[in-house]
Amino acid sequence: MKRLISRTALGLAVAALAVGGQATTAQAAPATADGGDPTLTDVYIWATDVNLRQQPTTDSPRLAVRSQWWADALCQKQGQTVHDPAVGTNNWWTAVMEFSGSDIAWVNNLYIRGGEKIAGVPDC
């Protein structure tokens, strides 16, 4: 599902990003998106043991670790450049939620299916 979020939802999401999130535990992902918020774009974290951060930088506290997992994407923006010898280099990060209303965390786009900048996910 690729739909843009409304200005109101984006404003709330950005405000929530400033507050940060709480840590969650790692868990297996379903094979397909399982009906998160229909107004947000579903994204797939294809890699294993991916850190979800409080801010779009590796210096930010880790909130969770996910492997092969679907999430609702709120928005994306440029942050710290991440270099992974096995994958490449990217400075785009996506703010994600596990399900509607859950804590918000940042994932570098290297680990999200879709490339450097994820189509259908608005800029923050």
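Close-up 1. Beyond four places in sequence, the residues touched by I45 are V50, S67, Q68, W69, V107, Y111 and I112. N109 stands 64 residues from I45 in sequence, while the C-alpha atoms of I45 and N109 are 8.7 Å apart in space.

**Close-up 2. N90 in strand 5**. Strand 5 runs over residues 88-97 and includes N90. The relative accessible area of N90 is 4%, and N90 is therefore buried. Its side chain reaches the backbone nitrogen of W92 at 2.9 Å. Leaving out neighbours within four places in sequence, N90 contacts Q80, T81 and V82, among others. The contacts of N90 also include N108, N109 and L110, as well as G115 and E116.

**Close-up 3. The salt bridge between D123 and K117**. Side chains of opposite charge can pair when their charged atoms come close. The structure holds one salt bridge. In the pair D123 and K117, the closest N and O atoms are 3.0 Å apart. D123 is partly exposed at 39% relative accessibility. K117 is also partly exposed, with a relative accessible area of 39%.

**Close-up 4. The disulfide between C75 and C124**. A disulfide is a covalent bond between the sulfur atoms of two cysteines. One disulfide is found in a search of the whole structure. The sulfur atoms of C75 and C124 are 1.9 Å apart. The torsion about the S-S bond is about 90 degrees, so this disulfide is right-handed. C75 belongs to strand 4 (residues 69-84) and C124 to the segment after strand 6 (104-108), so the pair ties together parts that are 49 residues apart in sequence. C75 is buried, at a relative accessible area of 0%, whereas C124 is partly exposed, at 40%.

**Close-up 5. Residues 1-32 and confidence in the prediction**. Over residues 1-32, pLDDT stays under 50. For this stretch the model has 55 contacts beyond four places in sequence. The average pLDDT of the chain is 78, and 69% of the residues score at least 70.

Conventions:
Residues are numbered from 1 along each chain as its sequence is written. This is a predicted model: local features need pLDDT of at least 70, side-chain atom pairs count only at pLDDT 80 or more; totals for chains, interfaces and linings use all residues. Side-chain values use heavy atoms; hydrogens and water are left out. Contact means heavy atoms within 4.5 Å. pLDDT is the predictor's confidence in each residue, from 0 to 100. Helices (H or I, at least four residues) and strands (E, at least two) are DSSP runs, numbered from the N terminus. Buried means under 20% relative accessible area, exposed over 50%, partly exposed in between (1.4 Å probe, protein chains only). A polar contact is a pair of N or O atoms within 3.5 Å; within protein, one must be able to donate a hydrogen and the other to accept it, and residues adjacent in sequence count only if both atoms are side-chain atoms. A salt bridge is a side-chain nitrogen of Lys or Arg within 4 Å of a carboxyl oxygen of Asp or Glu. A disulfide is a pair of cysteine sulfur atoms within 2.5 Å.
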